[in-house]
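Reader: I am new to this structure and would like to learn how to read it feature by feature. Could you show it to me and take me through it slowly?

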Amino acid sequence: MRHIISILLENEAGALSRVSGLFSARGYNIESLTVAPTEDSSLSRMTVVTTGSDAVVEQIIKQLNKLIEVVKVIDLSEAGHIERELMLIKLRATGKEREEVKRMADIFRGRVIDVSDGTYTIELTGTGAKLDAFISAVEKSAILETVRTGASGISRGERIVRA
């Protein structure tokens with residue numbers, strides 16, 4: 001099962017390395033990882049997407065909580081949450097293709113953020129499934145380059161991750 005783990009940790013050198021090292025040392029796979037400072041510059045928020053049984057994820061969370069830099073860990077997948085991913089995709093767009101690429105971007109609520117004589121670069125946000133659907137909907141030969149951030153998530157309602 002896919003799990004989105006949200007980690008609040010001290011914003012210091014080596015913290016990311018220790019968290020990723022914990023995963024690799026135990027043979028757990030990280031599907032995606034995002035990290036950035038929070039509103040409190042002394043803390044960072046890390047979002048890790050991984051797969052595994054509930055027991056495996058429970059072990060991961062226990063191990064994460066043992067790290068000195070970690071302030072709080074929650075599995076967002078346990079309750080209602082919102083997740084988003086950002087994708088920048090550069091597509092070949094010449095002649096008649098230009099209008100089709102623009103139309104596809106509009107259908108998926110994407111934005112054209114760069115235009116050249118032969119390409120459009122489109123910004124899309126949404127769930128990973130939405131971004132995958134966009135990739136499937138466009139011609140494979142039109143895709144020149146793709147960059148994705150990985151998932152970021154936040155709990156719905158009153159549930160928060162705070163120090």
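Author: Read along the sequence, the protein follows the pattern β-α-β-β-α-β-β-α-β-β-α-β-β, where helices (H or I, at least four residues) and strands (E, at least two) are DSSP runs, numbered from the N terminus. That comes to four helices and nine strands, and the C-alpha trace spans about 60 × 35 × 35 Å along its principal axes. This is a predicted model, in which local features need pLDDT of at least 70 and side-chain atom pairs count only at pLDDT 80 or more, while totals for chains, interfaces and linings use all residues. Residues are numbered from 1 along each chain as its sequence is written, and side-chain values use heavy atoms, with hydrogens and water left out.

Reader: What share of the 163 residues is buried?

Author: Buried means under 20% relative accessible area, exposed means over 50%, and partly exposed lies in between (1.4 Å probe, protein chains only). In this protein, buried residues make up 38% of the 163 residues.

Reader: How should I read a salt bridge, and how many salt bridges are there?

Author: Side chains of opposite charge can pair when their charged atoms come close. The rule used here asks for a side-chain nitrogen of Lys or Arg within 4 Å of a carboxyl oxygen of Asp or Glu, and by this rule the count comes to 12 salt bridges. One of them joins the side chains of Arg-18 and Glu-69, at 2.4 Å from N to O. Arg-18 lies in helix α1 (residues 15-25) and Glu-69 in the loop between α2 (54-66) and β4 (70-75), so the pair ties together parts that are 51 residues apart in sequence. Arg-18 is partly exposed, at 36% relative accessible area, whereas Glu-69 counts as buried at 7%. Both residues also belong to a network of salt bridges that includes Glu-12.

Reader: Which residue forms a salt bridge with Glu-78?

Author: That residue is Arg-159, and the closest N and O atoms of the pair are 4.0 Å apart. Glu-78 is in the loop between β4 and β5 and Arg-159 in the segment after β9, so that distant parts of the chain, 81 residues apart, are linked. Glu-78 counts as exposed at 62% relative accessibility, while Arg-159 counts as partly exposed at 28%.

Reader: How do I read a pocket, and what is the volume of the largest pocket?

Author: On a 1 Å grid over the protein atoms alone, a pocket is an open set of points with protein on both sides within 12 Å along at least five of seven lines, a cavity is a set where a 1.4 Å probe fits but cannot get out, and lining residues have an atom within 4 Å of a point. Grid points are joined across faces, edges and corners, and a volume is the space filled by probe spheres set on the points. The largest pocket has a volume of about 290 Å³ and is lined by 18 residues, of which Leu-8, Thr-38, Glu-39, Arg-45 and Val-161 lie nearest its centre. Strands β2 (32-37), β3 (43-51) and β9 (152-155) each supply at least two lining residues, with the largest share, four residues, coming from β2.

Reader: What is the volume of the second largest pocket, and which element gives the largest share of its lining?

Author: The second largest pocket has a volume of about 150 Å³, and α3 gives the largest share of its lining, four residues. Among the lining residues are Leu-91, Glu-97, Met-104 and Ser-141.
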